[in-house]
Amino acid sequence: MQIDKLQIELRPRTNAQALDLGFSLLHSHAGAAYMAFLALWLPVVALCAALTVWRPDLSWAWLILGWWFKPLLERAPLYVLSRQVFGTAVTWQEAVRAWPGQLGGGWFRLLTWGRLTCAGRGFWQPVWQLEGARGAVASARRSALGKNRTASAAVWFGVVCAHLEVVLQLGALGFIGIFAADGKIGNPFSLFANMTGDTPDVFTELLTLGAFALSVALIAPVYTACCFTLYLNRRASMEAWDLEIKLRQIKRPQALRARAAPLAALLAGAGMLLALSGIPAPVRAAPGTAASAPARAPCAPPKGMNLPERGPLQAPEQARIRQQLDQLYAEPDLRGYECVESWEFKNRNIKEKKKEVRPRSSFDMNLIASIFKVLFIAFAIGLVAWVLYRYRHHFPSFERAAKARVATEIGGLNIRAESLPPDVMAQVRALWSGGEQRAALALLYRATLSRLVNEDALALRQGNTEGDCLRLARQAAQRQQLAQARLEVAISATSLWLGGAYAARWPADDALLACCAAWDAQFGTAREATA
Amino acid sequence: MNDNTATSAAPAITAERLNQAIGIVQRMREEIRSAVIGQQAVVDQVLACCLAGGHVLIEGVPGLGKTLLVKALAKTFAGDFSRIQFTPDLMPADVMGHAVYDMKSQSFSVRRGPVFAHLLLADEINRAPAKTQSSLLEVMQERQVTIEGESHRLAPPFMVLATQNPLENEGTYPLPEAQLDRFLIKVRIDYPSADEEEQMLRMVTRDRVGDGLEVSQVATLVKPDTIVALQQLVARIRVDDAVAAYAVRLVRATRDWPGIAIGAGPRGSIALVRMARAMALTSGRDYVTPDDIKAAALPVLRHRIAVSPESELDGLSSDELLLGLIEEVAAPRG
């Protein structure tokens, strides 16, 4: 970085003036800066447009995708401006070719948690891209540069730019909507509002994407340029670039210095002679006189300042020299502290004083970033967990786990295996012969459901009717998860149960006994005996 | 458990009569299906609605065979069929009829409107203004028409099959919830499957002029009186107390269900049981099972509930909410 070739005038500027300088800088090199950005931005927009055509229902996701990668694209205009400002001409093609090499440093932060939290990223980009700082060094550098409210100025400028983008986007959409919408519709945005949840129109989604791309293309280089001049201003004041430039201007090439040496010696000698000849020192105003102190009265040095110790005067001439030195060091630039006037309340209480003297805590953006980082990681973990849960049926292990959880009660019927008598069919026959037909059929049906749920892992729910249970059993049989013979018994038992329960139509003894025998063969004691 | 008290007083349906009724219903269904390709569930629901003595609102985009279905149903019995194309300038007199002064006899004579039929197709009912809709809905409820102060009873069976297009909103007059309640069921016709569409294509393009499906091959099976007899038979289908309680549970659940702003009223429970009875007969049974209630719940309740604005914003439809409700409400076990 050759600061003596800096193309901007160096002088102390406020943050607002530094941001304003960015507009002038961008105005001077707008062609290369905008073209460098557009050369990268347009392919991203084209990709988003293609994805929108492919899946218009996810158009919002493609919009966010383009927005997400914007910080990396901003490095191309920064490359242009950072070289132009030091007098090196750069074309947009060179910037685009150099862009892949400019991506290092900060990219992970900018594409992850920093994307949502780092509104002042334009101010940090030069640290990563131009200074090449990484890790802790970059962090310390950002902390040093961000003091003196510079970081907060960058953040607020980022917020303003984001709002400008939204305003431009809405303006473009409204403009299109006025001409495209039906004349009867007063709201120009109704063309783009899809409140009904229907399949979105690809054309309107593309128009929305176009408006977004236009607003970003206009604002992003402005944001980059302004943050860059803010960064330059901060460095210039931190590192006293103005002094360095003056010194470099004084420092002439060797030959010139050799030629100028006699003249300098002559001037120095003349100066010494003038000093020793008793020419009075420049008259300085006496403190406290209205004529000589129009602006400010001298103030006391701050507490804790180490003033040089004074020894006793060894000779009478020393008093005059000391007085002259004191007058010299009384100059505001040389006395080592600055007097600042401010308004304050007359009757402040002690608590307010304490609050006032408390050192101003620099708004720790790193702490905020760390909090958002933790939140982002927690959100990411939660999102992954939700996706895994949402699509758990696609994972065989989850499927097995789901099957392992069987219902214990359906429609008020206790279908736990232990709730059934040891010999179910013996009990059914006993109830039947005892005239308790309904109880016999209820036990037969309950036992059938219990076996299907507990042994064949049939997933039944509270709202399943008899027909639903049979339908699920048939599906299980089609998947070879339920034996055909067991399904037939279930059909037979359900049929008997339906007729008895809802039509009081009791089956003949033979039909019931046949069903009991088949049940025993498939679900009961007979099956256990043969097994 | 117990027999329904309402049905216990009525004489039991004999097996012979039941089999005869089942046979007629099966043949009517087959005849309708010979004209309407696919849409089996819709055909069953409309047929059941006819047997239950209700009116049906059919919703679907144009070209899915709504009119064809109605024509085929009308052709299966030798009743009168009329069709009204609802338009914004349709007047109640165009539907009901009006009195005309006869110069010869020097008196007023009543000219009956198209509503005097057994089967009335009200095409695109939501295109007519509220005044005309209301006059029709009054007929649906009272089954009589008043012209110049004189009441005219409609000959049974009387059934209105109204259609509406869900896509177009401009220039339409949506039916209010209270008027929707007059329809026993609301049926949604969806697109046919690929096989069904191919079959329809072959049928329409084989030795035919034009692109319309015909109902000329549908045989006329019964007289209007037979339909009335079937409706009376349906009214005597057994409904167990547990099944009736299940219907009430379902309807009451709509009143507290999250996402439903306005639930179904008591007319919903009545309609549910009526429809379930008819569906039991179409399934060949003389008693209602919980499956009949469950199958009837969606067409009976979908137009009797109002989805909350929050659910609408979430993209949830009345069908999705009802399906979730039906799955959660415990079914009876006798």
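How many bridges join strand S1 (residues 56–59) of chain B to S8(B), and do they run parallel or antiparallel?

Analyst: Keep in mind that this is a predicted model. To your question: four bridges join S1(B) to S8(B), and the two strands run parallel. If you want a spot to look at in that pairing, find Val56(B), which stands opposite Leu161(B) in S8(B).

S8(B) also pairs with strand S5 (residues 119–123) of chain B, again over four bridges and in the parallel sense. Here the place to look is Leu119(B), standing opposite Met159(B) of S8(B).

Now for the strand itself. S8 covers residues 159–164 of chain B, and six of its six residues are buried, so the strand is largely enclosed by the rest of the structure. As a rule, side chains in a regular strand alternate between the two faces of the sheet. You can follow this residue by residue here: Met159(B), Leu161(B) and Thr163(B) point one way from S8(B), while Val160(B), Ala162(B) and Gln164(B) point the other way. Whichever way they point, all of them are buried.

Key:
Residues numbered from 1 in each chain as written. Chains lettered and ligands numbered in written order. Predicted model: local features only at pLDDT ≥ 70, side-chain atom pairs only at ≥ 80, totals over all residues. Heavy atoms only, no water. Buried < 20%, exposed > 50% of the residue type's maximum accessible area, 1.4 Å probe, protein only. Pairing = 2+ DSSP bridges.
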